[in-house]
Amino acid sequence: LKKNWIIPSLCVVMLVVLGTAWWFSSGWNEQIRESQQKVASDLLNQVNNTKVTYALPIVAGDAKAVELSSAPNAVLTQKFAERKKQLLEQREGVVKVAEAFNKGDKKPLIDGLFPAPAAGQEQLKPLEFVQKLAGNPAQGTQSAYQGLLDSIRAGGPVVSTQLEAQLNDILRRETEKIRGNGGARELTPTEKESLSRLLLDARRAEYVRRANEISVYADMSIFPSSGVAGGGGSGGNVPGMGAVSGANQILLAAPATPPNVRQTFLWQSDFWLLQDVFAIVRNANTGPGGKLTGERDSVVKRIERIEILPWRAQTATEGVGGEMAGAAPPVPGEFKDSISGHSDGASTEYDVRRARVTMIVSSARLPELFNAVGRSNFAFVTGFAMDKVDGWQDLAQGYYYGDENVVRVLLDLEFTWLRSWTEPLFPDAIRKGLGLPDRAPPADAAQQPADGPK
């Protein structure tokens with residue numbers, strides 16, 4: 001041992017090192033295990049506590065979106081994705097249905113005019129339009145406004161001169177019959193009373209006959225124009241009936257010079273508004289069988305007057321060449337929020353058009369008129385007034401309303417038009433008046449060089 005002392009020393013060191021290493025390694029192992037367990041536990045907690053929010057888009061009538069907070073789940077992910085796709089497809093379908101309902105049968109009276117006529121057609125197309133709108137008696141072409149009247153089977157009262165001639169003829173024949181051929185004696189009071197009753201019955205029969213021919217009393221005088229009795233409106237005169245100006249009066253005759261595209265579009269827009277008004281009358285006067293009722297059975301007995309209220313696009317004036325030269329101040333109160341919640345100019349998704357209609361209506365069936373408004377486009381009643389009717393005075397003018405009690409009703413009507421179908425037809429001047437960006441040039445025009453086609 002003395003001679004080889006290094007060997008036992010190293011053995012002792014080895015034993016000490018092994019013991020010490022075991023002691024230290026055991027401590028380190030415990031620390032490492034605890035550390036790794038903590039890391040693993042944290043990761044496991046993160047996995048267990050991980051949640052995602054599944055949500056479906058808001059649809060009409062829902063106060064808020066459908067949401068579900070849950071751990072990631074393949075089944076939920078698939079089901080929510082399928083339902084979301086279904087809802088979006090349904091929503092798009094509803095939008096298309098709403099647009100089709102809103103547009104209805106409204107389309108330009110002629111093709112190729114809006115938003116701008118083709119090169120070389122700048123004067124021909126507006127002239128074609130006004131002839132279609134106003135009609136051409138020389139060519140036997142009916143006015144589009146008369147077509148609106150025909151669509152609700154409208155007509156005027158009994159013509160007083162014709163009725164007077166018929167009654168005089170009856171009086172002459174019956175008098176001769178009582179007196180005998182060549183007789184000249186005075187009629188007795190009884191004979192005069194009998195003749196009076198006969199004439200009264202004949203007059204009533206003629207009123208009834210006329211009332212059965214039509215569904216509502218109305219003629220061209222109900223439209224807003226300066227040259228027709230009962231007209232008015234808020235614009236200037238009608239071409240053919242006075243100076244050419246304004247946009248809230250109908251066109252009764254083609255002007256001597258072609259109007260610009262902006263003016264023709266305003267006339268077109270007002271015509272669409274009249275279509276919506278007439279749709280309300282048609283819905284109110286359609287019977288259970290789907291046909292228009294006779295005037296005596298109609299809800300709306302007579303249309304006395306239609307006023308077209310200004311549209312925001314009409315408040316901009318025109319300068320040289322038909323360009324927009326500025327904006328006139330709006331009519332006070334016309335463009336404020338209405339009870340419908342809509343405001344002209346408050347949205348880029350729709351435009352608001354308004355009309356004021358005066359009608360003679362069955363008092364007991366007023367709810368049917370309001371129901372007809374609700375079924376007609378996106379229409380709202382924003383104002384209502386009612387007054388009594390002097391039935392005897394109207395009867396003297398040939399208006400026979402049957403046995404129902406009637407009242408005079410003034411309705412302020414509001415219509416909402418979606419721009420998804422109107423905006424593609426806006427001429428540049430209308431777009432400018434509404435604050436819209438310029439139209440994109442046609443694809444073929446965009447490919448032309450800056451100095452024009454060669």
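Let's start with a pair of helices: H7 (residues 261-284) and H8 (residues 366-374) pack at an angle of about 130°, with 8 Å between their axes. Keep in mind that this is a predicted model.

**How the helices pack**

Two packed helices are described by the angle between their axes and the distance between the axes. Angles of 65 to 115 degrees would count as roughly perpendicular and those over 145 as roughly antiparallel, and H7 and H8 are therefore oblique to each other. The crossing of H7 past H8 is right-handed. Who touches whom here? On the H7 side you'll find Ile 280, Asn 283 and Ala 284, and they meet Leu 369, Ala 372 and Val 373 of H8. Sorted by class, the residues of this H7 and H8 contact are five nonpolar and one polar, with no charged ones.

Next up is H5 (residues 160-179), which packs against H6 (residues 189-213) at about 145°, their axes 10 Å apart. H5 also goes past H6 in a right-handed crossing. From H5, the contact uses Leu 163, Gln 166, Leu 167, Ile 170, Leu 171, Glu 174, Thr 175 and Ile 178, while H6 brings in Glu 191, Leu 195, Leu 198, Leu 199, Ala 202, Arg 203, Glu 206 and Tyr 207. That gives the H5 and H6 contact 10 nonpolar, two polar and four charged residues.

H7 turns up again in a pairing with H3. The angle between H3 and H7 is about 30°, and their axes are 11 Å apart. Why call these two roughly parallel? Angles under 35 degrees count as roughly parallel, and that makes H3 roughly parallel to H7. H3 passes H7 in a left-handed crossing. Pro 126, Phe 129, Val 130 and Leu 133 of H3 make the contact with Thr 264, Trp 267, Gln 268 and Phe 271 of H7. Six of the residues in this H3 and H7 contact are nonpolar and two are polar, with no charged residues.

Here are the pairs side by side:

| Helix pair | Angle between axes | Distance between axes |
|---|---|---|
| H7 and H8 | about 130° | 8 Å |
| H5 and H6 | about 145° | 10 Å |
| H3 and H7 | about 30° | 11 Å |

**A space inside**

Rolling a probe the size of a water molecule over the atoms shows where empty space is left. How many cavities of 30 Å³ or more does a search of the whole structure find? The search finds one. The largest cavity holds about 30 Å³ of space. Its lining is made of Phe 265, Ser 269, Trp 272, Trp 311, Asp 351, Trp 417, Thr 422 and Phe 426. H7 is back here too: this helix supplies three residues, the largest share of the lining. By class, the lining has five nonpolar, two polar and one charged residues.

**Two backbone details**

Now for a couple of spots in the loops. Phe 114 and Pro 115 are joined by a cis peptide bond, with omega at about 5°. Pro 115 sits in the loop between H2 (74-103) and H3 (124-134).

And what is the phi of Arg 153? Phi is near 55° there, a positive value in a residue other than glycine. You can find Arg 153 in the loop between helix H4 (144-151) and strand E3 (154-155).

Note on methods: Residues are numbered from 1 along each chain as its sequence is written. This is a predicted model: local features need pLDDT of at least 70, side-chain atom pairs count only at pLDDT 80 or more; totals for chains, interfaces and linings use all residues. Side-chain values use heavy atoms; hydrogens and water are left out. On a 1 Å grid over the protein atoms alone, a cavity is a set of points where a 1.4 Å probe fits but cannot get out, and a pocket is an open set with protein on both sides within 12 Å along at least five of seven lines; lining residues have an atom within 4 Å of a point. Grid points are joined across faces, edges and corners, and a volume is the space filled by probe spheres set on the points. Helices (H or I, at least four residues) and strands (E, at least two) are DSSP runs, numbered from the N terminus. Ala, Val, Leu, Ile, Met, Phe, Trp, Tyr, Cys and Pro count as nonpolar, Asp, Glu, Lys and Arg as charged, and the others, Gly among them, as polar. Axes are lines fitted to C-alpha atoms, for helices over the stretch in contact, and angles run from 0 to 180 degrees between N-to-C directions. A crossing is left-handed if the near helix is turned anticlockwise from the far one by less than a right angle, and right-handed if clockwise. Contact means heavy atoms within 4.5 Å.
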